Amino acid sequence: MSCFPCCLSEKKLGRRSLKKSMKEYHDTNTLASYANISFRSNSGRRKNETEEVRKTGSISSDVFTFRELSVATKNFSLENLLGEGGFGRVYKGKLERINKVVAIKKLDRNGFQGNREFLVEVLMLSLLHHTHLVNLVGYCADGHQRILVYDYMPNGSLEDHLFDLAPGRKPLDWETRMKVASGAAKGLEYLHETANPPVIYRDFKASNILLDENFSPKLSDFGLAKLGPTGGKTHVSTRVMGTYGYCAPEYALTGQLTTKSDVYSFGVVFLELITGKRVIDNSRPTEEQNLVVWATPIFKDRRNYKTMADPLLGGKYPIKSLNQAVAVAAMCLQEGDSSRPLISDVVTALKYLSAKKEKEGENVDDHVNAALS
Ligand SMILES: Nc1ncnc2c1ncn2[C@@H]1O[C@H](COP(=O)(O)OP(=O)(O)OP(=O)(O)O)[C@@H](O)[C@H]1O
Ligand SMILES: [Mg+2]
């Protein structure tokens with residue numbers, strides 16, 4: 001069983017180019033083991049974790065003590081609580097040593113997710129850097145504690161702005177929705193097409209898209225990320241993980257994971273952005289409970305596309321842009337993974353949808369169709 005490679009120890013990987021680092025580790029077969037971290041036995045486990053995290057610390061992120069993080073969050077007080085997920089609670093905090101406001105995610109030891117996700121997250125985010133990925137400031141692995149420290153995102157997650165809006169919160173306008181979709185697609189493009197070997201994100205969903213002060217999106221939660229297939233293979237086989245509703249059908253059925261699984265999940269979130277509806281909502285009438293099942297017949301007739309638009313948009317969207325957005329979502333949501341576009345084609349198509357105005361003589365339809373043809 002492989003544990004963490006030791007060749008990471010003395011080098012500051014963060015300073016080197018991602019491609020070079022990825023290639024080097026791929027070549028020496030060590031990066032591949034990052035995504036398959038496993039532990040020998042319970043007795044050897046704690047020693048290995050500490051050792052591995054210590055080595056990870058020499059990559060690029062800062063290491064914090066539990067005391068520092070307690071002070072930063074006023075003892076993890078409820079008044080600092082930002083939210084809660086499968087990993088544990090997330091708190092806002094001010095780190096005096098680096099004079100920075102951060103989001104601090106504290107692993108709940110009884111939680112469903114665990115050490116493996118913690119390690120994968122630290123490693124992935126130490127090696128991967130992009131405008132549309134959240135920045136990992138550092139972590140704490142004192143004793144039993146497993147805590148992650150990120151840049152604080154003042155606008156929370158996309159989920160907070162799309163569904164069950166808090167009183168007084170304004171719904172996102174069409175342009176912002178397209179900007180969020182376009183940025184998130186660029187984040188995926190970086191993972192799929194710049195990282196080497198490719199990284200499959202596996203957890204693309206509205207709550208994992210964080211929004212900075214300008215509503216620029218950042219993908220977060222890399223604990224489930226996997227290295228993509230190498231050596232001519234078309235997929236990686238793995239346990240089915242992720243969130244119900246966002247998972248591609250072939251992955252849910254067979255555990256065979258490809259970058260196209262992420263493209264499907266992107267299609268789901270894009271549909272949520274267009275409609276303002278959650279992918280799964282049991283409070284809706286039976287035939288509307290699954291958003292994709294509800295949308296599939298509507299995809300067939302362009303004249304019905306405007307019935308999909310979120311009523312909170314108040315009809316304020318360019319109809320051409322709406323039609324093209326629905327068409328892009330439909331392509332990403334195709335049953336067969338090989339029929340779905342590459343995320344780079346989606347990025348190209350969205351460039352034209354999120355542009356403020358069509359330039360004279362330019363036709364959005366032509367550009368989008370060319371990108372997806
Ligand atoms: N860097 C951050 N800045 C600001 N708020 C954040 C940050 N990270 C997380 N949050 C908030 O904390 C909430 C919980 O995040 P978390 O990633 O733990 O769970 P989740 O994504 O909602 O669910 P799951 O565990 O199923 O992925 C988010 O929805 C968001 O509102
Ligand atoms: Mg999350």
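Trainee: In this predicted model, what is the order of the six strands in the open sheet?

Mentor: The strands of a sheet pair through backbone hydrogen bonds, either parallel or antiparallel. Here the pairing is mixed and the sheet is open, and β1 (62–63) and β2 (81–84) stand at its edges, each with a single partner strand, so one side of each has no neighbour in the sheet. Read across, the order of the six strands is β1-β5-β6-β4-β3-β2.

Trainee: Which residue in β3 is the bridge partner of E84?

Mentor: Strand β2 runs antiparallel to β3 (residues 88–95), and three bridges join the two. For E84, the bridge partner in β3 is R89.

Trainee: Which strands does helix α5 touch where it packs on the sheet?

Mentor: Helix α5 covers residues 115–127, and its direction makes about 145° with that of β5. The strands that α5 touches are β4 (100–107), β5 (136–140) and β6 (147–151).

Trainee: Which element supplies the largest share of the shell around ligand 1?

Mentor: Among the 22 residues around ligand 1, those that come nearest are G83, G85, G86, A103 and S207, and the shell divides into nine nonpolar, eight polar and five charged residues. At least two residues each come from β2, β4 and α6 (158–162). The largest share, three residues, comes from β2.

Trainee: How far apart are the end C-alpha atoms of helix α11?

Mentor: Helix α11 (residues 319–332) has 14 residues, which at 1.5 Å a residue should span 20 Å. Its buried residues include S321, Q324 and C332.

Note on methods:
Residues are numbered from 1 along each chain as its sequence is written. Chains are lettered from A and ligands numbered from 1 in the order in which they are written. This is a predicted model: local features need pLDDT of at least 70, side-chain atom pairs count only at pLDDT 80 or more; totals for chains, interfaces and linings use all residues. Two strands pair if DSSP finds at least two bridges between them. Helices (H or I, at least four residues) and strands (E, at least two) are DSSP runs, numbered from the N terminus. Two residues are in contact if their C-beta atoms, placed from the backbone, lie within 7 Å. Axes are lines fitted to C-alpha atoms, for helices over the stretch in contact, and angles run from 0 to 180 degrees between N-to-C directions. The expected span of a helix is 1.5 Å times one less than its number of residues. A residue is buried if 20 or more other C-beta atoms lie within 10 Å of its own, exposed if 12 or fewer, and partly exposed in between; C-beta atoms are placed from the backbone. A residue is near a molecule or strand if its C-beta atom, placed from the backbone, lies within 6 Å of it. Ala, Val, Leu, Ile, Met, Phe, Trp, Tyr, Cys and Pro count as nonpolar, Asp, Glu, Lys and Arg as charged, and the others, Gly among them, as polar.
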